Amino acid sequence: MSFRERLKNYYFIFIGLIPSFFLVFLSLNLIMKITRSVKPAYIDTYKSIFKNRRFNKYNILEIGIGGHDLEHYKGGSLLMWKHYFLFSNIYGLDIIDKNYNIFPRIRSFVGSQTDETTLNNILANIKKVDIIIDDGSHYLDHIFFSFKYLFDHLSDDGIYIIEDIKMPYLKSLEDTPLDKITNPGLFFNNLIHRINSSKFGEIVDDYYINNIKRVICKDQQIIIYKGKRNSKKLLNKFPSNKTKDGYIKISDKLNNN
Ligand SMILES: C[S@@+](CC[C@H](N)C(=O)[O-])C[C@H]1O[C@@H](n2cnc3c(N)ncnc32)[C@H](O)[C@@H]1O
């Protein structure tokens with residue numbers, strides 16, 4: 001290890017071992033800077049999502065710890081979350097052994113986000129998971145695999161965040177229940193489409209539509225809020241073959257003119 005890398009290592013260890021309570025007055029921006037986390041593109045979003053959650057006791061899992069060598073610490077987001085969420089436990093998963101296990105309230109796991117045994121082992125160890133951030137391989141099929149596997153295990157009010165998603169935007173969307181979609185690009189496009197359109201009916205019920213209350217799509221980032229919705233009430237409010245209370249269907253009106 002070079003002298004420079006050794007210094008970086010000591011810096012990370014020092015920052016990681018500072019009691020988080022000493023940093024309680026620091027903003028997320030400042031914590032990001034001192035932990036050298038590489039999330040400036042998302043920091044404003046995180047500030048708004050997490051501002052009322054800082055003192056909650058969560059289990060947070062980040063897929064992808066960062067850095068590509070074993071010799072010194074990199075990817076400070078585990079440290080950032082630890083110092084920001086004062087009472088939460090932070091878990092990291094990486095395909096390379098990053099050994100983040102020397103810091104209080106942080107534990108790292110080694111394995112792929114596409115490996116069921118690895119994901120099962122994490123779930124068995126941490127019991128419940130409240131926030132998941134996928135900043136791993138960024139391959140769509142990997143993102144999709146982890147989401148499909150982990151979403152069910154997310155706590156009832158949990159949040160699932162996918163970073164750096166470059167999904168294809170399609171010209172037309174067919175209405176297919178999400179459980180039946182196997183293409184990840186189509187899945188996330190349809191998820192947004194179905195959450196947005198469910199109030200107007202004419203969509204088929206599925207597991208995700210009943211268990212996701214909000215989807216926010218930012219530049220290369222998708223934020224999925226888990227929560228029960230009674231879609232039965234929402235579905236078929238305006239069945240396509242009849243008008244309700246004298247409403248004239250816009251399409252009929254347009255056709256008649
Ligand atoms: C962009 S970096 C993560 C940066 C870090 N989250 C941060 O904000 O500082 C991506 C990480 O994902 C890891 N990775 C790549 N493929 C993976 C896979 N299939 N499963 C788990 N981790 C993976 C890489 O080793 C790398 O450390």
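Two residues are in contact if their C-beta atoms, placed from the backbone, lie within 7 Å.

First, the ground rules. This is a predicted model, where local features need pLDDT of at least 70, side-chain atom pairs count only at pLDDT 80 or more, and totals for chains, interfaces and linings use all residues. Residues are numbered from 1 along each chain as its sequence is written.

Now confidence. pLDDT is the predictor's confidence in each residue, from 0 to 100. The protein averages 82. At least 70 is reached by 79% of the residues. Two stretches stay under 50. One is residues 167–173, with 9 contacts beyond four places in sequence. The other is residues 234–250, with 19 such contacts.

On to helix H2. Helices here are DSSP runs (H or I, at least four residues), and strands are runs of E, at least two; both are numbered from the N terminus. H2 covers residues 28–35, and H4 covers residues 77–84. Their axes, lines fitted to C-alpha atoms over the stretch in contact, come within 9 Å and cross at roughly 140°. Angles run from 0 to 180 degrees between N-to-C directions. So H2 is oblique to H4; that word covers what is left after roughly parallel (under 35 degrees), roughly antiparallel (over 145) and roughly perpendicular (65 to 115).

Which residues meet? From H2, Leu-28, Ile-31, Met-32 and Thr-35; from H4, Leu-79, Met-80, His-83 and Tyr-84. By class, that contact has 6 nonpolar, 2 polar and no charged residues. Nonpolar means Ala, Val, Leu, Ile, Met, Phe, Trp, Tyr, Cys and Pro; charged means Asp, Glu, Lys and Arg; the others, Gly among them, are polar.

H2 also packs on H3, residues 43–50, at about 130°, with the axes 10 Å apart. That makes H2 oblique to H3 as well. Leu-28, Asn-29 and Met-32 of H2 touch Ile-43, Tyr-46 and Lys-47 of H3. The tally is 4 nonpolar, 1 polar and 1 charged.

Last, the ligand. How many residues surround it? The answer is 24, the closest being Gly-64, Gly-66, Gly-75, Ser-77 and Ser-137. A residue counts if its C-beta atom, placed from the backbone, lies within 6 Å. The shell has 6 nonpolar, 14 polar and 4 charged residues.
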